[in-house]
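Me: Could you walk me through a protein model, step by step? I would like to see how each answer is reached.

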Amino acid sequence: MDFELSLGFENISIKHQKGIVKSRSEVDISSEVIRGVKLQIPLIASCMSTVTNANFCNLLSANGSLGIMHRAWTNNEQYVEECKKLTGEWKAAAIGVSGNDLELADMLVRVGINILVVDVAHGYSDHVIQFGKQLKKEYPDVKLVLGNTNNIGLLLETKSFVDGIRVGISNGSICETKNVAGCSEKQFSVVYKFRKISKEYGVPILSDGSVKESADFVKAMTCANGVIAGRIFAMCPESAAEIYQYQYNDFFDAPKKIYAGMASRYVQEKWFGKVKNDTPEGKIEYLEIGENVDKLLRRYAGALRSGISYAGGKDIKTFQEDVEFVRLA
C-alpha cells in the first residue's frame with residue numbers, strides 16, 4: 001500500500017545556508033499571524049483552562065505576543081467578565097459552535113473581543129464552516145479563526161471569509177485523540193502541506209501543537225504564520241495552571257503546575273460536570289514550574305532569529321522562501 005508519509009519536527013532539520021545578516025539581532029521575526037494581525041513574536045498561548053486567563057493574556061500582549069482566552073467557564077457571564085479585563089490592541093477569545101454560541105459571540109464582541117477563535121477538535125465539518133460564515137456575516141470587522149484540521153479542504157472552502165486556520169490534530173502532549181480515535185498526522189507534515197496553498201490564497205495558518213522546545217517553534221515557522229503552544233506556557237509561574245504539591249507524611253515534593261487537555265476528565269468534569277460522550281480525549285501532566293513568561297518569549301524569539309540566520313534569511317518572508325530541509329534518520 002502506498003501511504004502518505006508523515007514527519008514530525010524531530011524527523012527534519014533546517015539546512016545550513018550562507019548567512020546574509022551580520023548578527024541574529026538584525027533578523028525581523030514579526031509576522032502577520034492572522035489576516036491583519038501582526039505580532040512581534042509569533043508565538044501564541046493556546047485557549048486552554050490550564051494556560052490562559054486575562055492576566056496571562058495581558059502579559060503576553062505586553063511582550064509582543066498573544067493569548068487566546070479559553071471557553072471552559074461555568075457560564076457565559078463569568079467568561080465575559082474575565083474578557084472585560086483584557087488589554088492590548090488584539091483581544092482573542094474562543095467559542096464553540098453550539099446553539100448559544102452566537103449569543104456568546106455577540107457578548108464577547110460588545111466587550112472588545114476582536115479575534116474570535118472557533119475552538120472545536122474536529123474543525124473541518126459543514127457545521128463549523130456554516131457557523132463561521134454566519135459569524136463573519138454578523139461581525140465582518142472581527143477576525144475569524146477556524147480549526148482544528150489536518151486537511152487543506154477547510155482552507156479551500158473558507159478562503160473567501162476566514163482570517164486564519166488552526167492546523168494540527170492530537171499533537172499536543174496531553175491530547176489523546178490519536179490514542180482514542182486513531183486520527184492524527186505528525187505536525188511538520190501537516191504544516192508543510194498547507195505551506196504553498198496558504199500563500200496562494202493569502203490565508204494565514206497557525207501551527208497548533210507539538211512544541212516541546214524552541215527548535216520545534218522555529219521549524220513550524222518555516223511554513224506557518226504563527227505557532228500556538230500550550231505546555232511551554234503552562235509551565236510559566238504566571239499561567240492559569242493550578243499549582244499542585246504532593247505530600248506524603250512529612251515529605252513535600254517540589255510544587256508542580258497541572259496541565260490538562262480540554263477533553264480530559266479533569267477539565268470536562270469541572271466545565272460540564274461530566275465527560276462528554278463518556279470518552280475523554282485528553283490527560284493530565286504535572287509540570288515543573290519554569291521561567292517567567294517574558295523570559296520564555298525572549299528565549300524563543302532569539303531561537304527564531306538564530307534559525308532564520310542559519311537558513312540564510314533576514315525575516316519571516318525570506319526564511320520561508322529560501323529554507324531547505326534535511327530528512328533525519
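Reply: Here are some questions and answers about this model.
This is a predicted model, where local features need pLDDT of at least 70, side-chain atom pairs count only at pLDDT 80 or more, and totals for chains, interfaces and linings use all residues. Residues are numbered from 1 along each chain as its sequence is written, and side-chain values use heavy atoms, with hydrogens and water left out.

Me: Is Thr50 buried or exposed?
Reply: Thr50 sits in the loop between strand S4 (43-45) and helix H1 (54-62); helices (H or I, at least four residues) and strands (E, at least two) are DSSP runs, numbered from the N terminus. Buried means under 20% relative accessible area, exposed over 50%, and partly exposed in between (1.4 Å probe, protein chains only). The relative accessible area of Thr50 is 3%, so Thr50 is buried.

Me: How many Å apart in space are Thr50 and Ala241, C-alpha to C-alpha?
Reply: Along the sequence, Thr50 and Ala241 are 191 residues apart. In space, C-alpha to C-alpha, their separation is 4.0 Å.

Me: Which residues is Ser189 in contact with, leaving aside its neighbours within four places in sequence?
Reply: Ser189 belongs to helix H7, and its relative accessible area of 12% makes it buried. Contact means heavy atoms within 4.5 Å. With those neighbours left aside, the contacts of Ser189 are Leu5, Ser6 and Leu7.

Me: What is the angle at which helix H3 and helix H4 pack?
Reply: Two packed helices are described by the angle between their axes and the distance between the axes. Axes are lines fitted to C-alpha atoms, for helices over the stretch in contact, and angles run from 0 to 180 degrees between N-to-C directions. Asp101, Leu102 and Ala105 in H3 meet Phe131, Gln134 and Leu135 in H4. The axes of helix H3 (residues 101-110) and helix H4 (residues 126-138) are 11 Å apart, and the packing angle is about 35°.

Me: Is the peptide bond from Gly147 to Asn148 cis or trans?
Reply: Asn148 is placed in strand S8 (residues 143-149). For the bond from Gly147 to Asn148, omega is near 5°, and the bond is cis.

Me: What is the phi of Ser210?
Reply: Ser210 lies in the loop between strand S10 (205-208) and helix H8 (214-220). With a relative accessible area of 10%, Ser210 is buried. Although Ser210 is not a glycine, its phi is positive, at about 80°.
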